[in-house]
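Welcome! Let's take a walk through the pockets of this protein, one at a time. Have the model open beside you as you read.

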Amino acid sequence: GDLRDQGPRDLIGDLMVVAAGAAIVRYQHHTRKASRTAPIWAFNAVVWGAAGLVNLCLTFLLMPTGLSMPGLPSGRSWMVIAGLVLLCTYMGHGCFNYVMPRLKLLLLNLAILLEPIVGIALGMAMGLEKDWPSGWRLAGALLVMAGVCWALVSEGLAAVRRVAAVAEEI
């Protein structure tokens, strides 16, 4: 896992994470501006239609190579990925794009941090997830949840102070 030195693979993975973070910040910047001027359905159709088209092209290019996800035949695994992109991801990011101009980016990004934690908790509650997370993962989840709660409470207190300041002026 993460505690072993894997040589150049570690560096490549770390660089990919940094690049993904930069891409997300850029995406949020452009999305915030574009979603104020274009209807959300049109914006989502263009952004995720293009992403879906790229995914379908990759699907059909990679199917003959035999690349697969563990436990699934190669052709079916890529079709499952295409279905996830077209349904779950489109709907999830559609909601994300809808609330982006209405919320502070800090709060939106904090909510995104909770996504895997809530997903695992829901999976366990519905009996879909059989394995309990390790102690380190539970500790990490609690740390993330504490950070999100702290930020939300801080944001709420700041909003109360702003309202109180406006009330004093009146």
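We can begin with the second largest pocket, which holds about 300 Å³ of space. Keep in mind that the model you are looking at is predicted.

If you sort the lining of the second largest pocket by class, you find eight nonpolar residues, three polar ones and one charged.

Now let's turn to the largest pocket. How much space lies in the largest pocket? The answer is about 410 Å³. Its lining is made of 17 residues. To find the middle of the largest pocket, look for Ile117, Ile120, Pro133, Arg137 and Ala141, the lining residues that lie nearest its centre.

Helix 5 (115-125) and helix 6 (135-169) each supply at least two residues of the lining of the largest pocket. Which helix gives the most to that lining? That is helix 6, with seven residues. As for the classes in the lining of the largest pocket, twelve residues are nonpolar, two are polar and three are charged.

Methods:
Residues are numbered from 1 along each chain as its sequence is written. This is a predicted model: local features need pLDDT of at least 70, side-chain atom pairs count only at pLDDT 80 or more; totals for chains, interfaces and linings use all residues. Side-chain values use heavy atoms; hydrogens and water are left out. On a 1 Å grid over the protein atoms alone, a cavity is a set of points where a 1.4 Å probe fits but cannot get out, and a pocket is an open set with protein on both sides within 12 Å along at least five of seven lines; lining residues have an atom within 4 Å of a point. Grid points are joined across faces, edges and corners, and a volume is the space filled by probe spheres set on the points. Helices (H or I, at least four residues) and strands (E, at least two) are DSSP runs, numbered from the N terminus. Ala, Val, Leu, Ile, Met, Phe, Trp, Tyr, Cys and Pro count as nonpolar, Asp, Glu, Lys and Arg as charged, and the others, Gly among them, as polar.
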